[in-house]
Amino acid sequence: MSSSETEGAVRIAPEPFAHVDAEEVRMLTEEISALKVEKGAIILAHNYQLPEVQDIADFTGDSLGLSLRAKECEQNLIVFCGVHFMAESAKILNPTKTVLLPSLAAGCSLSDSITYDSMMEWKDRYPDHTVVTYVNSSAEVKALSDICCTSANAASVVRSIDNDKILFTPDRNLGAWVKKQVPEKEIVIYDGACPTHDVLRGANISAADRGDPGTIIIAHPECREDVLELADEICSTTGMFEAVKRHPHARTFIIATEWAHVHRMKQMFPDREFVVADGCIGCRLHCPYMKMIDLKALKRSLAERVFEITVDDEDMAGARRSLERMMAVPRDA
Ligand code: CIZ
């Protein structure tokens, strides 16, 4: 049976992007490493980046973790392999450093689902509500918010607020999950979603489950409720590494998030099996924007110093305030 055929209810898909030429990857990796030293740069890569981009990065992680890395590092030139709002956050938290995003096509549908106008419209509708905005949003939208949150701290942030009325933006699935955890607050939820996670259904999780004894299902909170109901663990990408450690006897993990995240999970836990919970046959949970940056784009970014991320002063100040308020909230609040 070829690796792309089905075996009973279980779909065994080929590794996405397995066509990447190994020799080309080796050459580009060497060139990028030399350029990085020559330019005094640091390369940061999000957990959803192409495996070969993750492999060449100095650090991999979630968006906030990477922005904080950018703060700690001595380099003043940061090449951010992720999507636009993440590079913006890195710039906001590191205003004196140069932040490059190797492809301007690396956008985010969830971030684009909320604009200045739509946020103002919702704020007008709910004037007594405190606005909590997921970091997957533009600097302009963060600046219009009272406080930011990540997928790791959303419930803690909402609990920490001295107001029972919350307007949660823009992710409706993350918002619904927070609402379940903080039932004492009245939470109004904006109607945005990440299409990569939102495509997944509980039925897909059940199909991916071969019934291996002790299989653990780990889902990202951007997934829909029917998926989260089946999950043993619900966490951010960074939280997923800790979740694996909490199950030392489990061999198989079904992962409900963007497929590239399992690359480092496999590297970190080579004795475990990670199965991506597919959304549909052959296409896996795939974020096209996260895959806009390949090694060629990364090399060009370093060589030509493109594309520099800038944020206007007003958005910079407002977004920084919302991010810093979030960072002041204790993790287990
Ligand atoms: O903020 C991030 O990095 C995203 C998009 C997901 C996560 O859970 O790390």
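Predicted model: local features only at pLDDT ≥ 70, side-chain atom pairs only at ≥ 80, totals over all residues.
Me: Which residues of domain 1 lose the most area to domain 2?
Reply: Three residues together make up 53% of what the domain 1 side buries. They are Leu64, Phe85 and Ile92.

Me: Which helix supplies the largest share of the side of domain 1 that touches domain 2?
Reply: Helices (H or I, at least four residues) and strands (E, at least two) are DSSP runs, numbered from the N terminus. Helix 3 (63–72) and helix 4 (84–93) each give at least two residues to this side. The largest share, six residues, comes from helix 4.

Me: How many nonpolar residues does that side have?
Reply: Nonpolar means Ala, Val, Leu, Ile, Met, Phe, Trp, Tyr, Cys and Pro; Asp, Glu, Lys and Arg are charged, and the others, Gly among them, are polar. On the side of domain 1 that touches domain 2, two residues are polar and two are charged. The nonpolar residues there number six.

Me: How many residue pairs are in polar contact between domain 1 and domain 2?
Reply: Ten residues of domain 1 are in contact (heavy atoms within 4.5 Å) with 14 residues of domain 2. A polar contact is a pair of N or O atoms within 3.5 Å; within protein, one must be able to donate a hydrogen and the other to accept it, and residues adjacent in sequence count only if both atoms are side-chain atoms. With both residues at pLDDT 80 or more, the number of such pairs between the two domains is three.

Me: How many salt bridges does the structure hold?
Reply: A salt bridge is a side-chain nitrogen of Lys or Arg within 4 Å of a carboxyl oxygen of Asp or Glu, and side-chain values use heavy atoms, with hydrogens and water left out and residues numbered from 1 along each chain as its sequence is written. Between domain 1 and domain 2 the count is zero. The whole structure holds 21.

Me: Which residue meets Arg246 in a salt bridge?
Reply: The N to O distance in this pair is 2.9 Å. Arg246 sits in the loop between helix 13 (237–245) and strand 13 (252–256), and its partner is 13 residues away, in strand 12 (residues 233–234). That partner is Glu233.

Me: What is omega for the peptide bond from Val306 to Phe307?
Reply: Phe307 lies in the loop between helix 15 (295–304) and helix 16 (313–327). Arg305, found in that loop as well, has a positive phi near 55 degrees although it is not glycine. The bond from Val306 to Phe307 is cis, with omega near -10 degrees.

Me: Which residue does a cis peptide bond join to Thr169?
Reply: Omega of this bond is about -20 degrees.

Me: What is the mean pLDDT of the chain?
Reply: Over residues 1–14 the pLDDT is below 50. Across the chain, 92% of residues reach 70 or more. The mean is 92.

Key. Buried area = accessible area lost by both parts, 1.4 Å probe. pLDDT = per-residue confidence, 0-100.
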